[in-house]
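The following report describes one protein chain and its ligand. Please consult the sequence and the structure shown below while reading.

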Amino acid sequence: METYDGAPEPGGAPALSDAPLPTAEEANPEHAAKDRPAEDQTVTEAAADEPVVEQPVKLLPVAELHLHIEGTLEPELIFALAERNGIELPYADLDELRARYEFTDLQSFLDLYYANMAVLQTEQDFADMTRAYLERAAAAGVRHAEIMIDPQAHVSRGIPLETCVNGVASVLANSLAEFGVSTLLIAAFLRDLSEESALGVLEQLLAMNAPIAGIGLDSAEVGNPPAKFERLFARAKEAGLHRIAHAGEEGPPSYIIDALELLDVERIDHGIRCMEDPDLVEHLVAERVPLTVCPLSNVRLRAVDTLAEHPLPAMLAAGLNVSVNSDDPAYFGGYVDDNFVQLQTVLGLSEFDRVRLASNSIRSSFADDERKTELLAELGYS
Ligand code: ADE
Ligand code: ZN
């Protein structure tokens, strides 16, 4: 099984994730800032009747653990690829496309997300999309990325598995040297399709020795519980692959419990609805289960009404192992840095909490211990 950029063989224990969190004194954000411009971005903080105050926001080195590569297709790239491939889009121009980015729920987004994948035809298309993401992610402070791809969404429209996997993988293979971002690839399976379909694609991926570090579970959550995919996740575990699953985005807290118990996942993607179940929160805290939270996504897909009402501060206060991620940044109004800026602006997230979120992301990754140590040192932990 190939891995990228010094990542561990799948199944290797991420020992650092069990290390106790340093205290605020041990974490030294000033040190973390030494290799970056002191003021990477500014945010504007002002109540309605107060003068605008520019607050410097430092970019922290982070791991992005929840990212769908197809969700990084920016409108401009959609049009460029459509032109290159002679595909007629159902939108006359960028404005008409952007006008569709008003989502009412997860499904309304998924409809557009899958439709726009039509422009991805060749290995070059997948490679160009991946390169564009890594360039933007590096500028956002991302130093390690675990990138999901939805193979079934491509195979089902006649694109060979090799085309999509090799196109993305060819860029990930050089991501550390080219962008300073170590990467791992995760094959995500569409939970609204059958388990047989997923098992068939997983076997193909294994047969072609695809460079995947793990599997995930995404797409329409409600009505497609984890129990549907027990055999898939057992097969992935047997093959030495890491396992993650979306749960508790729109679905109930019981889906989080089932993903942990029935699928033996190592991380939960989203997981925000755990806050409805105090016993579950207690369990997640005790086990330090990583939850890859995506604040801007949650607002855009109406999982929460506004960012001001997002449960992230309560999740941090409860001691949950949360990180901040962009999910589908081209659709949800921003990359990881945009998420951090909005969190600081709207929720007043402190520097201590931002360092904690960054540290959680690194510790919860599947990167090897050497890479984790390197990134934690950049963050100010030694
Ligand atoms: N596929 C891409 N983005 C997703 C999300 N936020 N939830 C479920 N499936 C997805
Ligand atoms: Zn997602």
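## The β9–β10 pair and the parallel sheet

Four bridges connect strand β9 (residues 290–293) with β10 in the parallel sense. Within this pairing, T292 lies opposite S323 of β10. Strands here are DSSP runs of E with at least two residues, helices are DSSP runs of H or I with at least four residues, and both are numbered from the N terminus. Two strands are taken to pair if DSSP finds at least two bridges between them.

The two strands belong to an open sheet of eight strands, ordered β3-β4-β5-β6-β7-β8-β9-β10 with parallel pairing. At its edges are β3 (62–68) and β10 (321–324), each of which pairs on one side only. On average, neighbouring strands of this sheet are turned by 25 degrees against each other, direction ignored; the axes are lines fitted to C-alpha atoms, for helices over the stretch in contact, and angles run from 0 to 180 degrees between N-to-C directions.

## Basis of the model and overall composition

The model is predicted: local features require pLDDT of at least 70 and side-chain atom pairs count only at pLDDT 80 or more, while totals for chains, interfaces and linings use all residues. Residues are numbered from 1 along each chain as its sequence is written, and chains are lettered from A and ligands numbered from 1 in the order in which they are written.

The protein chain has 18 helices and ten strands. Of its 382 residues, 49% are buried. A residue counts as buried if 20 or more other C-beta atoms lie within 10 Å of its own, as exposed if 12 or fewer do, and as partly exposed in between, with C-beta atoms placed from the backbone. Among contacts between residues at least 6 apart in sequence, 76% join residues at least 24 apart; a contact requires C-beta atoms, placed from the backbone, within 7 Å.

Nine of the nine residues of β5 are buried. In a regular strand the side chains alternate between the two faces of the sheet. In β5, one side carries S182, L184, I186, A188 and L190, and the other T183, L185, A187 and F189, all of them buried.

β5 pairs in the parallel sense with β4 over six bridges, and E146 has L184 in β5 as its bridge partner. A further five bridges join β5 to strand β6 (residues 214–218), again running parallel. There, I186 stands opposite G214 in β6.

M148 is placed in strand β4 and counts as buried because it has 25 C-beta neighbours inside 10 Å. Leaving aside neighbours within four places in sequence, M148 contacts L67, H68, I69, I186, A188, G216 and D218. M148 and L217 are 69 residues apart in sequence, yet their C-alpha atoms are 9.6 Å apart in space.

C164, V165, G167, V168, A169, V171 and L172 are the buried residues of α7. They pack against α5 (123–139), β4 (142–149), α6 (151–155), α8 (175–179) and β5 (182–190).

S175 lies in helix α8 and is buried, because 24 other C-beta atoms are within 10 Å. S175 and A145 are 30 residues apart in sequence, with a C-alpha to C-alpha distance of 9.7 Å.

## Surroundings of ligand 1

The shell around ligand 1 consists of H68, G71, L106, Y113, D218, S219, H246, E249, S297, D327 and D328. A residue is included if its C-beta atom, placed from the backbone, lies within 6 Å of the molecule.

By class, this shell has two nonpolar, five polar and four charged residues. Ala, Val, Leu, Ile, Met, Phe, Trp, Tyr, Cys and Pro count as nonpolar, Asp, Glu, Lys and Arg as charged, and the others, Gly among them, as polar.

## Loop residues with positive phi

Most residues other than glycine have a negative phi. D264, in the loop between α11 (253–262) and β8 (267–270), has a positive phi near 55 degrees. D264 counts as partly exposed because it has 14 C-beta neighbours inside 10 Å.

R302 is not a glycine but has a positive phi of about 60 degrees. R302 is located in the loop between α13 (295–300) and α14 (312–318) and is partly exposed, with 14 other C-beta atoms within 10 Å.

Conventions
Two residues are in contact if their C-beta atoms, placed from the backbone, lie within 7 Å.
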